[in-house]
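Work through the exercises below with the sequence and the model side by side. Each task is followed by a solution in steps.

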Amino acid sequence: MAEHTSSSIIIKAAPADVMAVIADFDRYPDWTGEVKEAEVQARDGKGRAEKVRLVLDAGAIKDDHTLAYTWTGDNEVSWTLVKSQMLRALDGSYRLAAAPDGATEVTYQLTVDVKIPMLGMIKRKAEKVIIDRALAGLKKRVESGAAN
């Protein structure tokens, strides 16, 4: 099994408000440094994205890929790679948990595998950069109220 990278952050907002930003793929280019384009290609019966095409530029990893999303309740979303030019795997999840004072702890887990040879250390560094920037961007987006 491939190694994964994970990190957590506390966001001063309710889990539902955080998940609303996570689920709004059309706005990803506004707050994620790596996602340059996002296009929802399929939705489930609740209107949540099931299949999303993303154009990613994360320094060492640049790609145009499609992900399949699975929603577990209201506090977890995971994804797996459907197709990609450069990636063999891009699997991850956001898990939300209530924290003190109405805040939310967000844990982001990510596994990346590329088709071209790349040292594991460089791959994990890219995963860490993606996660850290995504969590910082998510926190800023939610706490600024820009998502409303």
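**Exercise 1. Fold and confidence**

Determine how many helices and strands the protein chain holds, in what pattern they follow, and where confidence is lowest and highest.

Solution. The model is predicted, and the step on confidence therefore uses pLDDT, the predictor's confidence in each residue.
1. The protein chain contains 3 helices and 7 strands.
2. Along the sequence their pattern is β-α-α-β-β-β-β-β-β-α.
3. The average pLDDT of the protein chain is 87, and 89% of the residues score at least 70.
4. Helix 3 has the lowest confidence, with a mean of 79, while strand 5 has the highest, at 96.

**Exercise 2. Burial and the core**

State what share of the protein chain is buried, and find which residues of the largest nonpolar core touch the most other members.

Solution. 
1. The protein chain has 148 residues, of which 43% count as buried.
2. Among contacts between residues at least 6 apart in sequence, 46% join residues at least 24 apart.
3. The largest nonpolar core has 39 residues; those touching the most other members are Val 18, Ile 22, Tyr 69, Tyr 94, Val 106, Tyr 108 and Leu 138.
4. Helix 3 (residues 120-144) contributes the most to this core, namely 6 residues.
5. As background, nonpolar side chains in soluble globular proteins tend to be buried together.

**Exercise 3. The aromatic cluster**

Classify the ring pairs Tyr 69 with Trp 79 and Trp 79 with Tyr 108, and say which parts of the chain they link.

Solution. 
1. The structure has 7 aromatic pairs.
2. For Tyr 69 and Trp 79, the ring centres are 5.8 Å apart and the planes meet at 45°, so this pair is tilted.
3. Tyr 69 belongs to strand 4 (residues 61-72) and Trp 79 to strand 5 (residues 76-84), so the pair ties together parts 10 residues apart in sequence.
4. Trp 79 and Tyr 108 have ring centres 5.6 Å apart and planes at 70°; the pair is therefore edge-to-face.
5. This second pair links distant parts of the chain, since Trp 79 is in strand 5 and Tyr 108 in strand 7 (residues 104-114), 29 residues apart.
6. The cut-off for burial is under 20% relative accessible area. Tyr 69 is buried at 8%, Trp 79 at 6% and Tyr 108 at 6%.
7. Ring pairs join Phe 25, Tyr 28, Trp 31, Tyr 69, Trp 79, Tyr 94 and Tyr 108 into a cluster.
8. Beyond its neighbours within four places in sequence, Tyr 108 contacts residues including Trp 79, Tyr 94, Ile 130, Ile 131, Ala 134 and Leu 135.

**Exercise 4. Helix 1**

Which residues of helix 1 (residues 15-23) are buried, and what arc do they cover around the axis?

Solution. 
1. The buried residues of helix 1 are Pro 15, Val 18, Met 19, Val 21 and Ile 22.
2. Their arc around the axis is only 155°, so they lie on the same side of helix 1.
3. An α-helix has 3.6 residues a turn, so residues three or four places apart point the same way.

**Exercise 5. A loop residue**

Is Asp 44 buried or exposed, and which residues does Asp 44 touch?

Solution. 
1. Asp 44 sits in the loop between strand 2 (35-43) and strand 3 (49-58).
2. With a relative accessible area of 16%, Asp 44 is buried.
3. Not counting residues up to four places away in sequence, Asp 44 touches Glu 50 and Trp 71.

Definitions and conventions: Residues numbered from 1 in each chain as written. Predicted model: local features only at pLDDT ≥ 70, side-chain atom pairs only at ≥ 80, totals over all residues. Heavy atoms only, no water. Core = buried A, V, L, I, M, F, W, Y, C linked by side-chain atoms within 4.5 Å. Buried < 20%, exposed > 50% of the residue type's maximum accessible area, 1.4 Å probe, protein only. Helix = DSSP H or I, 4+ residues; strand = E, 2+ residues; numbered from the N terminus. Contact = heavy atoms within 4.5 Å. Phe/Tyr/Trp six-rings, centres within 6.5 Å; stacked < 30°, edge-to-face > 60°. Arc of directions from axis to C-beta. pLDDT = per-residue confidence, 0-100.
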